[in-house]
Amino acid sequence: MNQTLEEKVKTRTQELSLKNGYLKTIFNMEQNLIFTVDREWKLIDYNRACAEFFGVEKISTLCQEHACLCNYFEPYECEDTEASRLKGGELISYMLRHQQKRLNVLLNWEGKHYIFELLVRPIEHSSQEHILVVMSDITKRQKKIESLEEATLTDPLTGAGNRMKFNLHFDQYFKTSERYKKEFSLILLDIDFFKKINDTYGHDTGDKVLVSLANIIRGRIRASDVFCRWGGEEFVILMPMTTLDAAIKLSEQMRDAISTAYFEEVEHLTCSFGVASYRQSDSKEQLFKRLDEALYRAKKSGRNCVVSV
């Protein structure tokens, strides 16, 4: 028997309702945090995982308290200089504009820090365009990776980075400086007459000297500076966004602090410093050769001094 138009509409409505019910169930079973916003960042919908994470149950409450969930995150270890300065909706807009569909973000919520992989997609909804945001919690995985990386990239004696860590950061900052014309400087320092310390007091005392020296340096540099043991009694410091004059000034401060410090058994020692800054005409090899040359001149100039090139 043929269905009337009314019956067809009713059947179709029931089918759509059932389909929507299935989709909603799947939506709420998903463990990732999922929400949608409009182009003005007003919250449209969210799934159960999102509600549980933020501690809300009704969308009205979520809308009132957290009109834009995007405001709570910022880029995490982002190599894209422009994107790294953006937050919230501006970051989402940037991702959509550049078709960058995935990005790791740091979320600060109720005193805790979480790391999420962020996925964004534009979706058509009636006459409006909404934005679908999917957040996958990678906090534990990322922390484990970072822990393993840190162990691999750390000098076990001094706690400074090792040569591998320096090379990784040096490559990264060199590429960034080439592209965006950003300044950075390098400091290479060497303990004067370290062989004599080992020969006179033994290698155990020499190790204690290296640890104490590393602590003095670490206490005088910024969190953004990359401090590494280059080898033996040599240490290197990479200083982002730092002019040659600023690097020379810091080197003089460290030189003075080291020369006036007291070291167990050895009592006193000095260090020589070489300083160089990135020039747009530099290759990586040329820059480090100038740095090495600066340290060599400091040694030839009587040690316990700072030389720049």
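This report walks through the cores, ring pairs and helix packing of one predicted model.

Because the model is predicted, local features need pLDDT of at least 70 and side-chain atom pairs count only at pLDDT 80 or more, while totals for chains, interfaces and linings use all residues. Residues are numbered from 1 along each chain as its sequence is written, and side-chain values use heavy atoms, with hydrogens and water left out.

**The overall picture**

The protein chain has 11 helices and 11 strands; these are DSSP runs numbered from the N terminus (helices H or I, at least four residues; strands E, at least two). Of its 309 residues, 44% count as buried, where buried means under 20% relative accessible area, exposed over 50% and partly exposed in between (1.4 Å probe, protein chains only). Take the contacts (heavy atoms within 4.5 Å) with a separation of 6 or more: 55% of them come from residues 24 or more positions apart.

**Two cores**

A nonpolar core here is a set of buried Ala, Val, Leu, Ile, Met, Phe, Trp, Tyr and Cys residues joined through side-chain atoms within 4.5 Å. The largest one holds 34 residues, and Phe35, Phe54, Phe73, Ile92, Leu107, Leu118 and Met135 touch the most other members. Elements giving two or more residues to this core include strand S1 (33–37), helix H5 (88–97) and strand S5 (112–125). Apart from it lies another core of 30 residues, with Leu210, Ile221, Ala247 and Met254 among them.

As for H5, seven of its 10 residues are buried, namely Gly88, Gly89, Leu91, Ile92, Tyr94, Met95 and Leu96. After H5 comes Gln99, which has a positive phi near 55°.

**Rings and charges**

Searching the whole structure turns up 15 aromatic pairs. To pair, rings of Phe, Tyr and Trp (its six-membered ring) need centres within 6.5 Å; planes under 30 degrees apart are stacked, over 60 edge-to-face and the rest tilted. Here are two of the pairs.

| Pair | Centre to centre | Angle of planes | Type |
|---|---|---|---|
| Phe170 and Phe174 | 6.1 Å | 70° | edge-to-face |
| Trp230 and Phe288 | 4.9 Å | 35° | tilted |

Phe170 and Phe174 are about one helical turn apart, because they are four residues apart in helix H7 (residues 163–180). Phe170 is buried at 6% relative accessible area, and Phe174 is buried at 4%. Trp230 in strand S8 (residues 226–231) and Phe288 in helix H11 (residues 284–300) sit 58 residues apart, linking distant parts of the chain. Trp230 is buried at 14%, and Phe288 is buried at 14%.

The charged end of Arg163 is 3.8 Å from the ring centre of Trp230, and Arg303 lies over the face of Phe193 at 4.4 Å from the ring centre.

**A helix pair**

Helix H8 (residues 194–201) packs against helix H9 (residues 203–218) at about 135°, with axes 7 Å apart. Axes are lines fitted to C-alpha atoms over the stretch in contact, and angles run from 0 to 180 degrees between N-to-C directions. H8 and H9 are therefore oblique to each other: under 35 degrees counts as roughly parallel, over 145 as roughly antiparallel, 65 to 115 as roughly perpendicular and the rest as oblique. Residues making the contact include Phe194 and Tyr201 of H8, and Val209 and Leu210 of H9.

Note on methods: Lys NZ or Arg CZ within 6 Å of the ring centre and 35° of its normal.
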